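Let's take a walk through this one together. Have the model open and follow along as we go.

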Amino acid sequence: MGSAFNRFCMQFCCCCCAAADDDEDDEKQPLVPADPLDYFTREVQKRRDEETNLWSEPGDPSHSEREDDRTLYALLQARQNTRMGSTGYRRLSVDIEAMRDTRREVRDKWKTVLENLGFMAEADSLLTVSAGGSQDRMRNAPKARALLHTLHSETSIFNSSREPPPERYLFILDRLLYLDIAEDFVAKAKRFYPPKDDSDEEVPGLSVNLPLLLARMGAMNGGGDDDEEESEKDDDNMSD
């Protein structure tokens with residue numbers, strides 16, 4: 001039906017004609033993507049990236065709400081635009097892995113506590129948080145946030161008490177509340193990871209200096225050619 005007839009129906013009829021036409025348009029929409037294989041490949045890659053990077057704000061697709069997510073995302077983007085094998089590429093890879101290692105260390109602490117509570121087989125699934133997670137669908141967000149604050153202030157399960165705890169663990173605590181093991185988890189975490197003094201908090205090799213990383217990225221963006229020349233010199237020296 002033409003657009004003029006649709007307007008006529010909407011103005012003078014009971015709208016059933018226009019509604020029927022809208023239904024026909026909806027039926028014409030494909031139920032599956034044009035290329036299902038490409039769609040599933042992208043979904044698998046997205047899930048793999050989520051588990052690799054362990055975003056602190058999993059529901060933020062731009063990765064810009066938190067400083068640590070923003071820094072990691074900027075490092076990934078910078079490496080993607082840097083020639084593979086160059087000195088700059090290798091430096092970026094080291095910085096990226098340092099941030100990922102710090103996040104994996106926190107995740108491993110949570111996994112240790114869960115396994116000690118008897119959830120050996122379920123620990124990985126309980127710790128998986130997808131990008132589609134929404135606080136609106138949480139069962140007990142206020143209680144979960146209170147427990148997250150307790151873990152942040154009264155344990156060392158997070159690497160730093162100076163930065164806010166990652167929001168991804170809010171979803172995990174909500175699951176533990178549903179399973180009625182959240183209080184046991186917090187009690188066990190207090191025993192396994194008691195709070196550290198400020199002097200003991202920064203462990204060489206595990207802490208990530210975000211301002212230093214940002215400054216280094218800025219320097220590399222302004223001197224990409226120098227990095228490539230340095231890389232070529234290194235390659236020549238190796239060949240000699």
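Which residues lie nearest the centre of the second largest pocket? They are Lys46, Asp49, Glu50, Trp55 and His63, out of a lining of 16 residues. A pocket here is an open set of points on a 1 Å grid over the protein atoms alone, where a 1.4 Å probe fits, with protein on both sides within 12 Å along at least five of seven lines; lining residues have an atom within 4 Å of a point.

Before going further, a word on ground rules. This is a predicted model, where local features need pLDDT of at least 70 and side-chain atom pairs count only at pLDDT 80 or more, while totals for chains, interfaces and linings use all residues. Residues are numbered from 1 along each chain as its sequence is written, and side-chain values use heavy atoms, with hydrogens and water left out.

Back to the pocket. The volume of the second largest pocket is about 280 Å³, taken as the space filled by probe spheres set on the grid points, which are joined across faces, edges and corners. Its lining splits into five nonpolar, five polar and six charged residues (Ala, Val, Leu, Ile, Met, Phe, Trp, Tyr, Cys and Pro count as nonpolar, Asp, Glu, Lys and Arg as charged, and the others, Gly among them, as polar). Helix H3, residues 36–53, gives the most to that lining, with six residues.

His63 has a positive phi of about 55 degrees although it is not a glycine. Most residues other than glycine have a negative phi. His63 counts as buried because its relative accessibility is 12%; buried means under 20% relative accessible area, exposed over 50%, and partly exposed in between, with a 1.4 Å probe and protein chains only.

Leu54 sits in the loop between H3 and H4 too, and it counts as buried at 4% relative accessibility. What does Leu54 touch, not counting residues up to four places away in sequence? The answer is Asp49, Arg103, Arg104, Arg107 and Arg168, where contact means heavy atoms within 4.5 Å. The C-alpha atoms of Leu54 and Arg100 are separated by 7.5 Å, though the two are 46 residues apart along the chain.

Let's zoom out. The protein chain comes to twelve helices and zero strands, with helices (H or I, at least four residues) and strands (E, at least two) taken as DSSP runs numbered from the N terminus. Of its 240 residues, 35% count as buried. Among contacts between residues at least 6 apart in sequence, 70% join residues at least 24 apart. The chain exposes about 14,800 Å², and carbon and sulfur atoms supply 51% of that; the areas come from the Shrake-Rupley method with a 1.4 Å probe, and for residues only the protein chains shown count as cover.

In helix H7, Leu151 is buried, with a relative accessible area of 0%. Leaving aside neighbours within four places in sequence, Leu151 is in contact with Trp110, Ile157, Phe158, Leu173, Phe185, Val186 and Ala189. Ile157, counted the same way, contacts residues including Val106, Trp110, Leu151 and Tyr193.

H8 itself is mostly covered, with eight of its eleven residues buried. Among them are Arg168 and Asp174. Leu173 is found in this helix and counts as buried at 0% relative accessibility. Beyond four places in sequence, Leu173 touches Trp110, Ala144, Leu147, Leu148, Leu151 and Ala182.

Just after H8, Asp180 takes a positive phi of about 65 degrees. Is Asp180 buried or exposed? Asp180 is exposed, with a relative accessible area of 66%, in the loop between H8 and H9.
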